[in-house]
Amino acid sequence: MGTIDELRERKSVRRFLDKPVPPSLRQTIIDCAINAPTAGNQMLYTILDVTDQTIKKQLARACDNQAFIADAPLVLVFLADCRRWRDAYDLAGCQSRDPGVADWLLACQDALIAAQNAVVAAHTLGLGSCYIGDVMENREQVVEMLGLDKWVFPAALLVFGYPTSQQIARPKPKRFDAKYVVMTDTYRRLTPDELRQMYADRGDAFTPFVQAVCKRKYMSDFAAEMNRSVTGYLEAYR
């Protein structure tokens, strides 16, 4: 039951002790990541281990000025990589094609599955972690600072470190009950009553909570920038 309990307990950590992650633990996290499920054993991703403090600071600024990114002892960027196999096909003399949107999406799945393996491994090792989706923003800056190819996409940025006592004590936010998330055989939209009750069961006042999330997340400037930026990345696959 240890793994089950850890999956239920794990929460995002954004404040870390000023304590390095030992090389042995870093290697264990990466080993667990690359042993994740992958489409056809292709491993359609590249992992960037960002150690340069200048790049860390640039990433923090590009990701909505989240300073804790620069302070994190371990920073990994999981790249959906459609370039490596295309180069291998060419080298092997294959009659190939440019990658398309489905290839991009499959590579994103591979990268994110590997990233989640890293998160679970880190939690088992006593390390906190946090996903940073904002790495999809500011495409031009991120491409330049990380030297990305046109067929390489930053699917996820992860920061790791030893959590502070405050982060350990902070309660994990409640999730929606499974009865609102799990459906049998076919999809259906939730009714208005179910939507309201879904939030009420979690202890949230429906209208103010949803309005706040809509303003802070869905209709935010960073959401608009993320959509602009990802649209730019996708142009390479059309």
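## Charges over rings

A charge sits over a ring if NZ of Lys or CZ of Arg is within 6 Å of the ring centre and within 35 degrees of the ring normal. This is a predicted model. In it, the charged end of K19 sits over the ring of Y162. The distance to the centre of that ring is 4.1 Å.

## Aromatic pairs

How many aromatic pairs does the structure hold? There are seven. One of them joins W104 and Y237. Their rings lie 6.4 Å apart, centre to centre, and the planes are at 45 degrees, which makes the pair tilted. This pair links distant parts of the chain. W104 belongs to helix α6 (residues 101-124), while Y237 lies in the segment after α12 (221-234). The two are 133 residues apart. Both W104 and Y237 are buried.

Y199 and F206 make an edge-to-face pair. Here the centres are 5.5 Å apart, with 70 degrees between the planes. Are these two residues buried or exposed? Y199 is buried, with a relative accessible area of 15%. F206 is partly exposed at 27%.

W104 and Y237 also belong to a cluster. Its members are W104, F153, Y233 and Y237.

## The nonpolar core

The largest nonpolar core has 59 residues. Which of them touch the most other members? They are L59, I69, F78 and F153. Helix α6 gives the largest share of this core, with nine residues. F153 is also part of the aromatic cluster with W104, Y233 and Y237.

L59 has contacts beyond its sequence neighbours. Leaving out residues up to four places away in sequence, L59 touches V50, I69, V75, V77, V135, M145 and L146.

Strand β4 covers residues 152-161. Ten of its ten residues are buried, so the strand is largely enclosed by the rest of the structure.

Strand β2 (residues 74-81) is joined to β4 by eight bridges, and the two run antiparallel. Across this pairing, A80 stands opposite F153. Strand β3 (residues 128-132) is also joined to β4, by five bridges. These two strands run antiparallel as well. Y131 has L158 of β4 as its bridge partner.

T164 is found in the loop between β4 and α8 (165-169). It counts as buried, at 18% relative accessibility; the cut-off is under 20%. What does T164 touch, not counting residues up to four places away in sequence? The contacts are R15, F16 and L17.

Helix α3 spans residues 53-62. Its buried residues are K56, L59, A60 and A62. An α-helix has 3.6 residues a turn, so residues three or four places apart point the same way.

T54 and R61 are exposed on the other side of α3. The cover over the buried residues includes β1 (45-50), α4 (68-71), β2 and α7 (139-146). L59, one of the buried residues of α3, is also among the core residues that touch the most other members.

## Positive phi outside glycine

N41 has a phi near 55 degrees, a positive value in a residue other than glycine. N41 lies in the loop between α2 (23-34) and β1. It is exposed, with a relative accessible area of 59%.

D64 is another such case: its phi is positive, about 60 degrees, although it is not a glycine. D64 lies in the loop between α3 and α4. At 34% relative accessibility, D64 counts as partly exposed.

Where does V210 lie? It is in helix α11 (residues 206-218). V210 is partly exposed, with a relative accessible area of 28%. V210 and Y199 are eleven residues apart in sequence. In space, they are 8.9 Å apart, C-alpha to C-alpha.

Definitions and conventions. Residues numbered from 1 in each chain as written. Predicted model: local features only at pLDDT ≥ 70, side-chain atom pairs only at ≥ 80, totals over all residues. Heavy atoms only, no water. Phe/Tyr/Trp six-rings, centres within 6.5 Å; stacked < 30°, edge-to-face > 60°. Helix = DSSP H or I, 4+ residues; strand = E, 2+ residues; numbered from the N terminus. Buried < 20%, exposed > 50% of the residue type's maximum accessible area, 1.4 Å probe, protein only. Core = buried A, V, L, I, M, F, W, Y, C linked by side-chain atoms within 4.5 Å. Contact = heavy atoms within 4.5 Å. Pairing = 2+ DSSP bridges.
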